[in-house]
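Hello,

Here is the structure I promised to pass on. Have a look at it first, and my notes on what turned up follow below.

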Amino acid sequence: MDRLQTSTNGTGSGTRLPESRASPRLLTNYNNPALMATKDHALQSDIAKMKADPDGSFKRADASFRSIIEKGGRFEPELDRYHLYVSYACPWATRTLIVRKLKGLEDIIPVTVVSPRMGAQGWPFANVDSFPDTDVDPLYNAEHVKDLYLKADPEYRGRFTVPVLWDKKTHMIVNNESSEIIRIFNTAFNHLVPSDKAALDYYPANLRAQIDELNAWIYPNINNGVYRAGFATSQEAYQKAVVEVFEGLDRAEKLLVGKDYLVGDKLTEADIRLWVTIIRFDPVYVGHFKCNFRTIRDGYPAIHKWMQKLYWNNPAFQSSTNFEHIKTHYYWSHPQINPTRVVPVGPIPNIRPL
């Protein structure tokens with residue numbers, strides 16, 4: 001499998017990531033609750049306790065599990081071996097849901113959806129918070145996503161994020177970096193899906209340089225830019241980030257004038273990666289993250305039409321989008337930004353019809 005990303009969320013290119021190795025001790029202790037209960041994980045699970053940099057800026061930590069699925073490797077592409085944990089609210093997880101659907105992997109990679117109300121213990125399953133369209137963990141009856149991380153590595157020190165691509169055979173996390181999971185889904189299971197699905201390539205060799213170039217500025221300015229604005233704790237850090245968000249949107253608008261896709265006149269991962277932020281922009285980022293120079297629907301006609309067409313014309317995009325989860329998560333889960341946890345009713349509609 002061709003892994004060209006080297007930095008989190010796909011901003012680097014050109015070097016294959018080394019496959020991580022888990023110690024036998026971690027595999028032996030994966031189901032020992034006593035070990036998991038000996039440490040306080042509040043700083044890892046409670047986003048309200050997240051600390052900004054001294055200048056008030058938000059820096060996203062790199063993903064920690066970066067293995068790949070490939071024939072002949074440690075994680076072989078097999079039926080009934082892998083499981084995907086996601087939140088409908090999370091843009092990074094939505095990337096993986098879209099590609100899973102596009103590639104016809106629904107019967108190969110089952111999915112479990114967590115509640116959008118991420119509290120002090122992190123992302124909960126339905127047995128803890130029975131929010132609509134939320135699932136119980138079918139593998140371990142875990143209460144929170146953090147339980148999976150601590151099964152995989154009781155000494156884990158990072159944040160308990162989604163998506164999680166899980167290996168049922170070794171009880172390990174294969175990968176929790178969405179930009180890499182979507183490339184795993186793009187190619188690793190082609191021998192197990194119908195030929196028409198196998199032929200679909202969202203990171204084609206002839207467009208990779210252009211896709212990588214787009215990803216290199218769309219991720220920091222737009223995808224992560226909205227978080228840099230929203231989680232900033234100083235005026236200076238916020239203003240720097242929000243200006244960069246709209247500089248990125250202005251640039252994307254010019255690219256999409258008269259076009260259905262960002263590159264190559266076909267759907268690629270560049271579209272998928274940008275779309276998950278744009279679909280959340282008016283319902284969440286304008287208000288909650290103070291990205292309020294302009295809305296997408298009234299300020300960016302080309303981006304707006306591109307977003308609408310993908311949502312209304314492609315089931316993979318619409319079925320992966322749950323506005324109730326999206327709005328509830330952001331407005332409920334960030335008490336440092338919205339202490340009342342009141343969730344806005346608007347915008348009405350969440351997305352306009354074509």
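In helix α13, the buried residues are Ala302, Ile303, His304, Trp306, Met307, Gln308, Leu310 and Tyr311. Here buried means under 20% relative accessible area, exposed means over 50%, and partly exposed lies in between, with a 1.4 Å probe and protein chains only. Before going further, please note that this is a predicted model: local features need pLDDT of at least 70, side-chain atom pairs count only at pLDDT 80 or more, and totals for chains, interfaces and linings use all residues. Residues are numbered from 1 along each chain as its sequence is written, and side-chain values use heavy atoms, with hydrogens and water left out.

Helix α13 covers residues 301–313, 13 residues in total, and spans 18 Å from its first C-alpha to its last, close to the 18 Å expected at 1.5 Å a residue. That expected span is 1.5 Å times one less than the number of residues. Helices (H or I, at least four residues) and strands (E, at least two) are DSSP runs, numbered from the N terminus. The cover over the buried residues of α13 includes α10 (235–256), α11 (269–285), α12 (296–299), α14 (315–318) and α15 (323–333).

**The largest cavity**

The structure holds three cavities of 30 Å³ or more. A cavity is a set of points, on a 1 Å grid over the protein atoms alone, where a 1.4 Å probe fits but cannot get out; lining residues have an atom within 4 Å of a point. Grid points are joined across faces, edges and corners, and a volume is the space filled by probe spheres set on the points. The largest cavity has about 50 Å³ of space. Its lining consists of Ile278, Ile279, Asp282, Pro283, Arg297, His304, Met307, Asn350, Ile351 and Arg352. The elements giving two or more residues to that lining are α11 and α13, and α11 supplies the largest share, four residues.

Five of the five residues of strand β1 (residues 82–86) are buried, so β1 is largely enclosed by the rest of the structure. Tyr82, Leu84 and Val86 point one way from β1, while His83 and Tyr85 point the other way. Strands count as paired if DSSP finds at least two bridges between them. β1 pairs with strand β3 (residues 164–167) in the antiparallel sense over four bridges, and Tyr85 stands opposite Val164 there. With strand β2 (residues 111–113), β1 runs parallel and is joined by three bridges; Leu84 stands opposite Val111.

**Two buried residues to look at**

Thr94 is found in helix α4 and is buried, with a relative accessible area of 0%. Leaving aside neighbours within four places in sequence, Thr94 is in contact (heavy atoms within 4.5 Å) with Ser87, Tyr88, Val276, Arg280 and Ser320.

Asn175 is in strand β4 (residues 172–175) and is also buried, with a relative accessible area of 0%. Asn175 and Phe65 lie 110 residues apart in sequence, yet 4.7 Å apart in space, C-alpha to C-alpha. Not counting residues up to four places away in sequence, Asn175 touches several residues, including Phe65, Arg66, Pro163 and Val164.

**The chain as a whole**

The protein chain has 15 helices and four strands, and buried residues make up 57% of its 354 residues.

Best wishes

Key: On a 1 Å grid over the protein atoms alone, a cavity is a set of points where a 1.4 Å probe fits but cannot get out, and a pocket is an open set with protein on both sides within 12 Å along at least five of seven lines; lining residues have an atom within 4 Å of a point.
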